Amino acid sequence: MSTDTDMPTAPPGVLIPTTSASTGTARTGPVTGSAAAGPPSPPKPRRLPTPIRPGDFGATDITLLAAAALSSLALVWVVFYQLTLLSGGLGFLVCWYLTFLALTWIGMSQVIERQVATDRVVGVLVVSAALLVVGLVVFIVLWVAFKAVPHIHWGSLFTKDQKSLELADPNILNHVGILHAIIGTLEQVLVAALLGVPVAIATAVFLNEVGGRGVKLVRTVVTAMSGTPSVVAGIFIYSMLILTHVLTYSGFAASLALIVILLPSVTRVVEEVLRVVPGGLREAALALGAPQWRTVWSVVLPTARSGVVTAVLLGVARIVGETAPLLFTAFGSQIINVNEFAHPQGALPLAIWVESREANSIAISLAFQAAFVLMSIVLILFVAARIFGRTKGKKSKSAQRQSEDDFMARIFMPIPMEKVGDEQ
Amino acid sequence: MTVEGDTAARHTIGRGESPLGGAGQIDAEGVCAWFGGRLVLELVTLPMDRSKVTALIGPSGCGKSTFLRILNRMHEVVPGAQLAGSVRLDGTDIYGSGQRAVDTRRHIGMVFQKPNPFPAMSIADNVLSGLRFSRVSPANRGDLVEEMLTKAGLWNEVKDRLGELGGALSGGQQQRLCIARSLAVRPRVLLMDEPCSALDPTSTLRIEQTIKEIADEVTVVIVTHNMQQAQRVSDTCAFFLAAENQPGRVIEWGPTDTIFTEPSDQRTADYVNGQFG
Amino acid sequence: MSDTIDLPRVVSDEAVPQPLVLPEDVSAEDQVFRWGVRLAGYGVLVLLFLIGLFLFLQGLPAFRRIGFRFFTSSGFDTLGRHPVYGVAASLVGTIEVASVAIVVGAPVAIATALFLSEYAPAWSRRSLIALVDLAAAIPSIIYGLWAVFELQDNVVGFSTWLSRHLAFVPFFKVTSPPLNASLFIAGLVVGLMIVPIVASICREVFSLAPAGEREAALALGASRWQMIRSVVLPFGRGGMIGAVMLGLGRALEETIAVAIILGGAFTISPHILQHGGSTISQLIAVNFGSGGQLGLQDLLFCGFVLFVLTLVINLAASAIVNRSRSGAGVDL
């Protein structure tokens with residue numbers, strides 16, 4: 001590089017010269033020097049070395065890992081089939097995995113050193129645990145779809161119920177569906193949400209905005225309640241309302257049981273979201289003369305809207321799949337019942353529960369189809385929650401990543417950078 | 001340079017005691033640094049001599065700390081960070097292929113701006129923690145702890161309570177503990193990133209004294225905002241500067257006296273005379 | 001204490017003005033508002049109290065009839081000469097399922113949390129966290145379906161191997177062959193179900209480990225694992241314990257997935273690898289409404305026991321996490 005006169009051979013104390021003697025002018029331009037006098041020439045592009053990102057995971061590591069994998073495979077293959085009588089791929093995989101870990105550790109501690117070997121083996125363990133979990137989740141979701149979708153009769157699934165389920169019927173698949181279950185779930189969840197969400201938000205407002213006596217107690221209770229088993233919620237409603245003949249088996253009773261489950265989780269999340277709203281906003285509203293209820297209604301809640309929406313969506317996603325409380329309250333039914341206040345009502349989880357324990361394949365197929373519908377509802381709610389949970393600031397993905405990098409860099413080096421927006 | 005797979009001929013930048021028996025020579029050549037694509041340090045070339053104290057001075061935000069962190073391969077810990085150039089410790093490029101960061105950091109230690117002893121460990125265990133990482137068992141733990149704490153100027157204050165938790169000390173004591181901890185692994189170079197900026201004057205003076213005392217065994221590179229401190233402790237000074245929206249560079253470096261009394265560059269003169277920064 | 005400078009008093013003691021006492025100035029509309037939300041909050045309190053009360057009252061006659069033998073005896077034979085009535089088997093089954101779940105699920109969850117907070121590349125972190133959270137959203141009945149129709153067949157072989165080669169361990173002995181519908185399989189699935197709970201708390205806790213200490217460890221030459229072991233894990237100890245306890249609570253109460261796997265039978269099974277066995281929540285679920293031997297009151301009392309158990313565990317977990325160094329920033 002002609003411009004690179006910054007050679008270490010320059011004696012200390014002497015300014016690294018450009019090409020001329022002009023040292024006093026600000027060196028904002030490139031290192032390429034120009035004549036001292038006269039108009040400054042346009043800056044020529046600097047030629048810098050290419051940046052690298054050093055890492056410790058090199059060719060040696062990869063080779064050793066591959067070698068360990070192959071040799072453990074061979075070893076287990078031999079031992080497995082000769083010595084042990086294991087059936088099934090699962091046992092083989094487990095043995096192979098353990099041998100792989102052992103060989104990796106031995107190999108690396110010989111070739112490199114023990115400290116690195118332990119580090120790598122832990123790395124493999126951690127990565128495989130995460131992959132296992134993620135893999136299983138994805139597998140389960142896809143598995144339900146694969147078991148259900150090929151057998152769905154789209155005409156009847158959403159339009160028929162099981163009233164006319166006669167196994168002898170040759171055209172049976174067009175005569176049965178799960179409409180009763182779908183209606184049941186929708187009604188029960190809707191009523192539960194309509195009644196439960198306002199109470200949950202009110203409780204969160206009480207905890208965070210109004211406060212006063214009993215806050216700590218109520219908060220502890222909410223935390224405790226969120227661990228209440230769903231089956232307990234079901235038999236609670238049963239023992240308090242149905243046994244005492246205040247209510248019959250009905251979808252409404254189910255809604256009440258679902259409220260018991262919905263309340264604590266939504267309350268806690270909304271409380272957390274409200275806490276993040278800056279106090280300055282409340283003060284501004286109060287200073288303008290707004291009463292407290294107005295402040296909460298028009299300032300605090302709208303600011304926290306995306307968080308509240310997320311909380312509600314996730315709460316609903318949770319209760320949609322609950323089965324146990326429904327056993328004691330809605331009781332289940334195979335016919336359509338639109339009035340949730342009167343008679344037993346079906347629901348998707350209940351349909352799955354009952355049909356999956358039947359012996360005939362039609363019932364089991366229906367169970368899977370109901371599971372597919374239920375799974376889809378949960379997925380839609382989950383995705384919706386993540387979409388609505390984003391902050392209002394619209395950043396593209398790379399900008400988000402960039403600002404994360406910038407943020408990290410800002411920790412180490414406070415040069416002026418454009419302001420990084422608030423992370424959600 | 002570590003020879004792959006050849007354990008017998010392993011050179012010392014791999015692990016183990018330094019055969020040179022003490023302070024190392026560290027030379028940076030053409031060092032550049034990027035954060036997330038943005039160039040923040042440009043072509044820094046600087047020798048830091050054996051058994052000497054080199055001070056890096058300059059206004060904040062000029063890349064002094066970034067440069068320091070490149071010297072012991074801490075820069076790459078930040079996601080999105082990149083670098084270029086070479087850093088040689090006693091002739092071996094620490095960024096060469098086959099060199100592991102973990103090994104480098106055993107030979108080039110660092111003391112941070114905010115004291116960070118391990119709060120869950122006792123004082124004695126803190127001092128020995130670096131040795132635990134490199135799986136070195138000292139012949140006599142007690143002697144080593146005493147030696148290091150004495151060098152750091154902390155021994156008299158804590159000798160009766162070595163079992164107490166490291167987090168229970170005052171700020172100045174914590175920083176001296178961190179120095180003792182770094183010295184325990186017998187590094188060849190000790191990097192110090194504004195070690196006294198958060199401390200009271202008494203602790204500051206004590207640490208400066210420590211720096212002067214250890215310079216024989218350990219080369220010291222210290223980043224400081226305090227020009228008087230630079231004058232007091234360092235043999236060589238390097239002046240960093242970054243103009244507006246520009247990456248940082250070394251404007252001038254040389255013997256401390258020269259930099260402060262007859263700097264060659266006007267900007268250096270302005271800075272050391274307090275005109276800015 | 002430094003020297004103080006004596007300044008002459010400006011006013012004599014008697015003339016110092018008293019602070020104003022401002023009256024509580026809350027407008028009527030705000031009174032209504034405040035009492036409205038207070039009602040909601042106290043209502044939640046009352047609800048919890050009611051749950052405990054009703055279950056207790058309804059179940060009490062059962063307990064009074066049988067006494068503590070309810071918990072220690074096993075089997076339901078009301079027709080014999082000496083009527084036997086007890087849920088001991090279900091209690092044992094509950095503990096066995098929860099144990100398998102924790103032994104399998106907790107390490108996997110902690111490792112997953114470490115991966116997400118320490119190892120995952122930045123671009124993938126968000127999606128992976130979302131996928132792990134999705135695992136918590138999947139309804140338990142779907143986990144149950146999957147376990148019965150898919151997992152079971154694959155695990156039976158492994159159970160066979162365990163029963164042959166580890167038979168010296170009393171748990172693993174098998175006395176009657178079919179190895180499906182076992183407590184072991186139920187434990188495996190429940191273990192998977194508690195992973196997202198434990199992992200998300202641990203992940204949050206790990207990410208709070210102070211950067212300064214991490215850097216100190218790295219600068220001393222620690223490898224990533226050594227840094228995790230000396231900084232992140234000690235820091236997160238309280239959070240991890242709390243997380244595992246919450247996972248335990250979840251494992252104890254899991255009803256439907258266990259019920260689908262074990263079926264409706266109420267059999268006593270000390271051998272977790274073979275079919276049969278029962279847990280408290282499964283007992284309640286399958287015996288309800290089917291005119292089973294178990295009386296309604298007994299079921300309600302079981303519900304009360306379950307309720308108290310999970311309550312105690314959750315409160316303890318919450319206290320442990322909040323008191324620990326790592327938990328101060330985490331919301332449980």
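Two residues are in contact if their C-beta atoms, placed from the backbone, lie within 7 Å. Among contacts in chain B between residues at least 6 apart in sequence, 70% join residues at least 24 apart.

The structure is a predicted model, in which local features need pLDDT of at least 70 and side-chain atom pairs count only at pLDDT 80 or more, while totals for chains, interfaces and linings use all residues. Residues are numbered from 1 along each chain as its sequence is written, and chains are lettered from A and ligands numbered from 1 in the order in which they are written.

**Chain B overall**

Chain B has 10 helices and 10 strands; helices (H or I, at least four residues) and strands (E, at least two) are DSSP runs, numbered from the N terminus. The radius of gyration of chain B is 19 Å, close to the 19 Å from the globule rule for 277 residues, so chain B is as compact as a globular protein of that length. This radius is taken over C-alpha atoms, and the rule is 2.2 Å times the number of residues to the power 0.38. The C-alpha trace of chain B spans about 55 × 50 × 35 Å along its principal axes. Of the 277 residues of chain B, 53% count as buried. A residue is buried if 20 or more other C-beta atoms lie within 10 Å of its own, exposed if 12 or fewer, and partly exposed in between.

**Strand 8 of chain B**

In strand 8 (residues 219-223) of chain B, 5 of the 5 residues are buried. Thr219(B), Val221(B) and Val223(B) point one way from the strand, and Val220(B) and Ile222(B) the other way. In a regular strand the side chains alternate between the two faces of the sheet. Two strands pair if DSSP finds at least two bridges between them.

| Partner in chain B | Bridges to strand 8 | Direction | Residues standing opposite |
|---|---|---|---|
| Strand 3 (residues 53-57) | 4 bridges | parallel | Val53(B) and Val220(B) |
| Strand 7 (residues 189-193) | 5 bridges | parallel | Leu191(B) and Val221(B) |

From strand 7 of chain B the chain crosses through helix 7 (residues 201-214) of chain B to strand 8 of chain B, in a right-handed β-α-β crossover. Right-handed means that, with the strands pointing away from the viewer, the path from the first strand over the helix to the second runs clockwise.

**A residue in helix 6 of chain B**

Leu183(B) is found in helix 6 (residues 171-184) of chain B and counts as buried, with 24 C-beta neighbours inside 10 Å. Leaving aside neighbours within four places in sequence, Leu183(B) is in contact with Met148(B), Lys151(B), Ala152(B) and Ile214(B).

**Interfaces**

73 residues of chain A are in contact with 75 residues of chain C. On the chain A side, the largest share, 19 residues, comes from helix 3 (residues 114-148) of chain A. By class, this side has 51 nonpolar, 17 polar and 5 charged residues. Ala, Val, Leu, Ile, Met, Phe, Trp, Tyr, Cys and Pro count as nonpolar, Asp, Glu, Lys and Arg as charged, and the others, Gly among them, as polar.

Between chains C and B, 14 residues of chain C are in contact with 19 residues of chain B. Helix 7 (211-219) and helix 8 (224-235) of chain C each supply at least two residues of the chain C side. Helix 7 of chain C gives the largest share, 6 residues. The chain C side divides into 7 nonpolar, 5 polar and 2 charged residues.
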